[in-house]
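Subject: Structure for your review

Dear colleague,

Please find below the structure that I am handing over to you. I would be grateful if you could look through it alongside the notes that come after it.

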Amino acid sequence: MKFKSEFSQVYMARCLNNITANKNKSAASQIQHVVCAYHRCRMRWCPTSVLHLLRSLRLRSCTRRGRNKLPPWIKEMWSYMKLLVQSLYFNSLTDSDVVFDSIFEPVFWTVDYVTRWFGLVFVCLVVILTSSILGIAYLVLLPLILNTYSPPWIAWHICYGHWNLIMIVFHYYKAAKTSPGWPPTEKNETPFVSVCKKCIIAKPARAHHCGICNRCILKMDHHCPWLNNCVGHFNHRYFFSFCLFMTLGCVYCSISGRNLFLDAYNALERFKHLDMEKPGVQVTGMGLLIGLLPPGQTTYQTPAPSYTFKDKMIHKSIIYMWVLTSTVGLALGALTIWHAVLISRGETSIERHINSKETKRMAKWGKVYRNPFNYGKMNNWKIFFGVEKKSHWVTRVLLPSGHTPHGDGLTWDTFPVKKDLIPV
């Protein structure tokens, strides 16, 4: 109550000062205003019991909050989800791509994490499958070819098969071990088109960030789990050559082994029918009286099968080889054709999506979009393979070659020209 009286005295003093300041108004009206204000103040002031009630309610709510504390990992998950939701309306530049990336960010992170750790598994799988085909070719098919084929056909199969094998092994090793190329991290005068929002470094033209490698890649095409490496400027040729020669090898095995596959399949079906026959037939009743069996024998033994376990495994291995090479040949052949189309257009897999969007955007304005890195089909292939003279089609395309690609991957000639960039 002391606080209340002090408050009223201060308020009365302020009102008296206002009375002396306002000389135009009458004293009676000023005093009446002061009295009314004092009563309003007393009516507004909360009683002590109400204050105690509010304090008790506040203390109870605080104790309940202390009891219901969430675990830290739930708080972190909730804050992360709030951040994702807030990123959907971060600024006016938000579009469908930003919303899609924000919603599926956990999925992308999971895929990148799994792919990064299972890269070695995929590489080992490629080595094991290829080695199994080589084992069947040397242990099963080669003796069969030497015994049944004519000398010209034997020479053809041995020469082509080993040339194809060398090309596959060389390009796979180079594609997996060669660095795709990275932008410089130090400050330099190299022109760039943007700044990577994840690496926070200058990003040259045609460079993109790889979430699996966790860095920017020059002229990035994609991250290949079968190589456990990114496909970029310095190993793109090795990747395409590996796909090409692996497809040719699978097609070669599938076509040349078709008759062997049919013979092996029919032989296994015949073996299956022989296995269904019982090893012995019980002889009872009149059979024993008329002397069908020697004395003391009650079953009739069928003859031994006309095949061995080795024969059965040989036929199964031939079927396994034909099915695997035919399947891989179809799948990898489609991928090789797709990349050949992209190379003819002078673009990568990522640039394919970017160029299609730009084409649609420019079409709305009545304009035609032209890929600035398309120099014509023939020039694109020359630049891709590094062909500078006619002999390079043999020494750099049909034979193993470790030459570096055209350019450094940092700067590009960005305008199409009609003349040959590399005259041949």
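Predicted model: local features only at pLDDT ≥ 70, side-chain atom pairs only at ≥ 80, totals over all residues.

A search of the whole structure finds 16 aromatic pairs. One of these is formed by F122 and W226, whose ring centres are 5.0 Å apart. Their planes meet at 55°, so the pair counts as tilted. F122 belongs to helix α7 (residues 119-148), while W226 sits in the loop between β5 (222-224) and β6 (229-231), so this pair ties together parts that are 104 residues apart in sequence. F122 is partly exposed, at 27% relative accessible area, and W226 is also partly exposed, at 39%.

A further tilted pair joins F240 and W381, with 5.7 Å from centre to centre and 55° between the planes. Here F240 is in helix α9 (residues 236-256) and W381 is in helix α14 (residues 377-385), so the pair connects parts that are 141 residues apart in sequence. Both F240 and W381 are buried.

Ring pairs also link several residues into a cluster, which consists of W156, Y160, W163, F245 and Y252.

Finally, there are arginines placed over aromatic rings. R206 lies over the face of W412, at 4.6 Å from the ring centre. R215 lies over the face of W182, at 3.7 Å from the ring centre.

Yours sincerely

Notes. Residues numbered from 1 in each chain as written. Heavy atoms only, no water. Phe/Tyr/Trp six-rings, centres within 6.5 Å; stacked < 30°, edge-to-face > 60°. Helix = DSSP H or I, 4+ residues; strand = E, 2+ residues; numbered from the N terminus. Buried < 20%, exposed > 50% of the residue type's maximum accessible area, 1.4 Å probe, protein only. Lys NZ or Arg CZ within 6 Å of the ring centre and 35° of its normal.
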